[in-house]
Amino acid sequence: MRIVATLLCTLLAVAATAQEDTAYREAVTTFLPLLDDQQRDAASFPFDDPDRENWHFAGIRKIGLPYGELTESQREAFQTLIKSVLSDEGYSKAEGIRQLE
């Protein structure tokens, strides 16, 4: 589950460069307010944070907000957010990986 949260953090950082994307902005402004302060801190970090490029899966400490700790409404908003920054194929792959965990 932490890989999905790590993916979210990375996607938020990368997608932040696409400020003009209305769907993305709406998805973020819907998702983040649903999180409490501790969850928001776990799900967000600065663009220049070294963990932004930490895509390794096995044998290292994972950061982020575990998907399993999200409420149903948070999960729905998260799915909308991910769909707003990924292609259909990318979303399908990410969802397939998430379901394996």
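**Charged pairs and core**

Tutor: Let's start in helix α5 (residues 88-100), where Lys 93 and Glu 89 sit 4 residues apart, so about one helical turn separates them. Keep in mind that this is a predicted model.

Student: What do the side chains of Lys 93 and Glu 89 do?

Tutor: They meet in a salt bridge, at 3.3 Å from N to O.

Student: Is Lys 93 buried or exposed? And what about Glu 89, buried or exposed?

Tutor: Lys 93 counts as exposed at 52% relative accessibility, and Glu 89 counts as exposed too, at 53%. The cut-off for exposed is over 50%.

Student: Are Arg 98 and Glu 95 buried or exposed?

Tutor: Both are buried.

Student: Which residue does Arg 40 form a salt bridge with?

Tutor: With Asp 37, the closest N and O atoms being 3.0 Å apart. Arg 40 and Asp 37 both lie in helix α3 (residues 37-43), 3 residues apart. Arg 40 is partly exposed, with a relative accessible area of 28%, while Asp 37 counts as exposed at 57%.

Student: OK, new topic. Which residues touch the most other members of the largest nonpolar core?

Tutor: Phe 31, Leu 35, Leu 65, Leu 70, Phe 78 and Leu 81, out of 14 residues in that core. The elements giving two or more residues to it are α2 (22-31) and α4 (72-85).

Student: What does Leu 35 touch, leaving out residues up to four places away in sequence?

Tutor: Leu 65 and Leu 70, plus Arg 40, Ala 43 and Gln 74. That's the Arg 40 from the salt bridge with Asp 37.

Student: And how many aromatic pairs are there?

Tutor: The structure holds 2. In one of them, Phe 31 and Phe 78 form a tilted pair, 6.0 Å centre to centre with 55 degrees between the planes.

Student: Which parts does the pair of Phe 31 and Phe 78 tie together?

Tutor: Phe 31 lies in helix α2 and Phe 78 in helix α4, so the pair ties together parts that are 47 residues apart in sequence. Phe 31 is buried at 1% relative accessibility, and Phe 78 is buried at 3%.

Student: Which residues do the ring pairs link into a cluster?

Tutor: Phe 31, Tyr 67 and Phe 78.

Definitions and conventions
Residues numbered from 1 in each chain as written. Predicted model: local features only at pLDDT ≥ 70, side-chain atom pairs only at ≥ 80, totals over all residues. Heavy atoms only, no water. Salt bridge = Lys/Arg side-chain N within 4 Å of Asp/Glu carboxyl O. Buried < 20%, exposed > 50% of the residue type's maximum accessible area, 1.4 Å probe, protein only. Core = buried A, V, L, I, M, F, W, Y, C linked by side-chain atoms within 4.5 Å. Contact = heavy atoms within 4.5 Å. Phe/Tyr/Trp six-rings, centres within 6.5 Å; stacked < 30°, edge-to-face > 60°.
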